[in-house]
Amino acid sequence: MDSLGFEPHDHSSCVHDSIAAAEAHCRQHALQFTKVRRRVLEILLQEHRALGAYDILDRLRQEGLGSQPPVAYRALDFLVTNGLAHKIERLNAFIACSHPGDSHAPFFLICRSCDAVAEAHREPSQGQLGAAAREAGFIIERAVIEAEGLCPKCQQSPTA
């Protein structure tokens, strides 16, 4: 299982590498990676927690990049549609993809205390979910799996 979000890492390298991967993905698929789309992805990459559309819009407004909700929603829709970000249903928020452009089936580990989110990968047709689907004669085409708990940092905190 591959995950990112809770363990220490070189965050500036993480952001740089993700932006470079997004640029390459957009070039390869002839997609327009506009200034606003890029900035929204950078905002999502700055933290390993999910952000709501209005949080993103507030930052865009402060930077003079737009003040109307459609600006943020269009950029987020582009990023999600093209595999550069994911929507976290539980939080009604968004997170940058840790493997931009790769075809994968992520699941999300969400800290109930600090809202940090780690993206992990596992094939949904494997494990108990896959076994239950096979038993029911069901073919999984898409699965959104979100688990809530405490991240390592919050487990150490006396207020968790």
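**Strands, a helix face and some cysteines**

Okay, let's start with a strand pair: E2, residues 85-88, and E3, residues 93-96, run antiparallel and are joined by 4 bridges. For me, two strands pair when DSSP finds at least two bridges between them. Within this pair, Lys 87 has Phe 94 of E3 as its bridge partner. The hairpin of E2 and E3 has 4 residues between the strands, and Asn 92 there takes a positive phi near 50°.

Before I go on, this is a predicted model, so local features need pLDDT of at least 70 and side-chain atom pairs count only at pLDDT 80 or more, while totals for chains, interfaces and linings use all residues. Residues are numbered from 1 along each chain as its sequence is written, and side-chain values use heavy atoms, with hydrogens and water left out.

Now the overall layout. The protein has 6 helices and 6 strands, where helices (H or I, at least four residues) and strands (E, at least two) are DSSP runs, numbered from the N terminus. Going along the sequence, you read β-α-α-α-α-β-β-β-β-α-β-α. Out of 160 residues, 36% count as buried. Buried means under 20% relative accessible area, exposed is over 50%, and partly exposed is in between, using a 1.4 Å probe and protein chains only. If you take contacts (heavy atoms within 4.5 Å) between residues at least 6 apart in sequence, 51% of them join residues at least 24 apart.

On to strand E4, residues 106-111. How many of its residues are buried? It's 5 of the 6, so E4 is largely enclosed by the rest of the structure. E4 has two partners that I want to show you. The hairpin of E4 and E5 has 5 residues between the strands, and Asp 115 in it takes a positive phi near 65°.

While we're in E5, residues 117-121, have a look at Glu 119. Is Glu 119 buried or exposed? It's buried, at a relative accessible area of 1%. What does its side chain contact? The side chain of His 86, in a polar contact at 3.2 Å. By polar contact I mean a pair of N or O atoms within 3.5 Å; within protein, one must be able to donate a hydrogen and the other to accept it, and residues adjacent in sequence count only if both atoms are side-chain atoms.

Next, cysteines. A disulfide here is a pair of cysteine sulfur atoms within 2.5 Å, and by that rule we count 0 disulfides. Take Cys 114: the closest cysteine sulfur is in Cys 111, 3.7 Å away, and that's too far for a bond. Cys 114 is partly exposed at 31% relative accessible area, whereas Cys 97 is buried at 3%.

Let's move to helix H3, residues 53-62. Its buried residues are Ala 53, Ile 56, Leu 57 and Leu 60. Why do they sit on the same side of H3? They cover an arc of only 100° around the axis, the arc being that of the directions from the helix axis to the C-beta atoms. As a reminder, an α-helix has 3.6 residues a turn, so residues three or four places apart point the same way. The cover over that buried set includes helix H2 (35-45) and helix H4 (69-81). Just after H3 comes Gly 64, with a positive phi of about 75°.

H3 also takes part in the 1 aromatic pair that a search of the whole structure finds. Tyr 54 and Tyr 73 have ring centres 6.3 Å apart and planes at 80°, so we call it edge-to-face. The rule is that rings of Phe, Tyr and Trp (its six-membered ring) pair if their centres lie within 6.5 Å; planes under 30 degrees apart are stacked, over 60 edge-to-face, and the rest tilted. Tyr 54 is in H3 and Tyr 73 in H4, so the pair ties together parts 19 residues apart in sequence. Tyr 54 is partly exposed at 48%, and Tyr 73 is partly exposed at 41%.

Last stop: Gly 130 in helix H5, residues 127-135. Gly 130 is buried, at 2% relative accessible area. Its C-alpha is 7.6 Å from that of Ile 140, 10 residues apart along the chain.
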